[in-house]
Amino acid sequence: MSDATLGTSSTVREKQGKERQGRSALRHLSLPAGARCASPILLFMALGFLAPLLTVIGFAFAEPRSFAVFESFTLRNFAEIFNPADTVWMSFAWSLALALLTVAALLLICYPIAYGLVRVFGRWSSLVSIAFVFPLFISENVRLYGWTLFFINHGVLDGLLAGIGLSGPNVLFTPEITLFGMIYTYLPFMLFPMTLGLSMVPGDLIEAARDFGAGRLMIWREIELPLAMPGILIGALLTFVLAAGAVAEAKILGGQSVIMISHDIENAFTYSQNWPRGAALAVLLMIVIGGLSMAVMARLDLDRILGRR
Amino acid sequence: MTNFNRRDTLKILGAGALAAGAPLGFPGAALAAREKELNILCWEGYNSAQVLDPFREKEGATVKAESLTNDPTMINRLRSGESKVWDLINVNNPWARKIMYPEKLIKPLPKDEFMPYFDKMLEQFHPPYKWAMSDDGSELLGMTQRFGPYSYVVNTDKISRKTAEETGWDLFNDESLAGKYGILESDDWNVFNIFLVAGLDPFKEHSPEEMKAFEDTALKVFKGAKLIGDIATMNQALISGEIDLHMTGGTYSVSPARADGFPEMRAITPLKGPMNGKGGVSWIEVTSTVNNPELSPLAPEFLKYVQDPEVAHTVAFAEGTFNPVAQMGNKACFDLFTKDELDAIQWDSLEEEMARSVEYDIVPDYEKALDLMNNAKRQRS
């Protein structure tokens, strides 16, 4: 091997060493490989989720009844909403009250069903679960119109009762039937997280408590409920978030006997031609729901619920 | 077994991104693609397969139509930048002339090509037809087709046609009817009608006293309503006996119930009212070409296509609602309507009802009135 060749090889080695060092320094500075590979999707998701959110927030601070976002800044939309002469607070109140009542009713309705799915129904559990999931494959509006036909004068219920000389109850187009519709619609969203929560209560623990002489109520209060609580809270949260934004039940079954906040938002974007007001209402709704969600999430240990720990 | 790894996923994503970016990168290609593409923003009916499929086949084109059920939303879509998306917009009469053309949201049509169609329409649409023309009368802004009176609907087994016509809007001031009527969720029209129930002409500026009367009337009318809902709900409630009448309605809303065998459900136009003696309001759809920088050449072709007697008859009886069409002035089109179809659209009284109606117009203080009405609606609970 000549000196010249040796000289070239050493230069190449030196160069390669420097490149390696550079790459390693870059690796220290930059993101890990996984994050780099995921960055296109992360960027896509950021655009998909954040862009509309930022646009809504931008509109909330735009001049009332304008269609240009990020070109003006005003708090007038919020001032109008908080003006005592504006009755939009009633829509907020109805939405939140009905959402809370829906959650409360579903807690009572779903607990025995979830308990049955986990501990009683055995091999029938899957079939019962499917029965609760199946309605989700049909559009919510179609199902609600179905209930309208069931309850309406000369409808299914009225017709059946007429056979025994009775008439159907006059329940359509009331706030009560709106609540019924919400309970019906959101039942699966409470049931399945609750079932998951209950399924995570170890049977051995209950057996042990029973062996030590604990009664049914004590076992429920001291073991079952605390251990199932994360699932119950997730179900309650999910149901509340969905129910607070509900509108179809009040429109189709309730005949708009109450106006929900989502209906007001929809109106602002359509008939009122006041996108900034609609956006401001949406931002306020997000703050209320987001605040409540954060408060509940702070009490949850998702890793434990998902079985990672 | 096939392993689908991250590398494959990235390849697909890359290909997808290229495909998505292609039209942006090659504007010429995008423009060429528009020759076989048409996007229509319309009221329901024009989006039905019965109307669109023959045109798709004839032109070998991709035709997309989105239907909405109120004019302001459609106008807002154009205002928010969707002029680049749509080729045709189908809204009610005042919008083209008073709003969309002044705001440069639509383009005029070539008069030599389209004016002759108006000669064959019903007499009231003969050229120059006001709502199809620009304010100065120089430009043709759109083509007319469906129309109808739109005031209220009654079950004539419960309230006779004579009583409903003679009593007029005072039906909704009658306390004995509280809880027996519904209100169609058509808020722009409800604004007109609350003014009319208050004895006021909606299409003029209103004094503070008149706005107060509007507010009081809105509170009373919404409080007394059994329900507010869409057309299907109103017809269902009328047929089932839940309600005897509903505010905001006409041939457009009640014709499906009549066609289904309930001729006792009837659109009513009051005999008198506060609009220079007239009590009813009517609508006429005007379809215009959008001011799209890359307007599809199929847009004017579609406007000509729907003038054909058979297609016009299909539009009149497209799914959803049934309506008279201006093209019924052409005998070839009129002869396609059966007796039952003419009954469904109340052809027997159409002319007199249109004569008793003023044409839909912009309410100068609409925004204020709508806010007052929404407040009233919330207080009904």
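I count two residues as in contact if their C-beta atoms, placed from the backbone, lie within 7 Å. The model is predicted, so I take local features at pLDDT of at least 70 and side-chain atom pairs at pLDDT 80 or more, while totals for chains, interfaces and linings use all residues. I number residues from 1 along each chain as its sequence is written, and letter chains from A and number ligands from 1 in the order in which they are written.

**Chain B, domains**

I looked up the division of chain B: domain 1 is 19-145 + 285-340 and domain 2 is 148-281 + 359-378. These bounds come from an automatic or database domain assignment. Helices are DSSP runs (H or I, at least four residues), and strands are E runs of at least two, numbered from the N terminus.

**Chain A, helix pair**

I looked up α12 (residues 261-269) and α13 (residues 275-297) of chain A, which pack at about 155° with axes 7 Å apart. That makes α12(A) roughly antiparallel to α13(A), a term for angles over 145 degrees. Axes are lines fitted to C-alpha atoms over the stretch in contact, and angles run from 0 to 180 degrees between N-to-C directions. Among the residues that meet are Ile265(A) in α12(A) and Leu281(A) in α13(A).

How values were computed: Angles under 35 degrees count as roughly parallel, over 145 as roughly antiparallel, 65 to 115 as roughly perpendicular and the rest as oblique.
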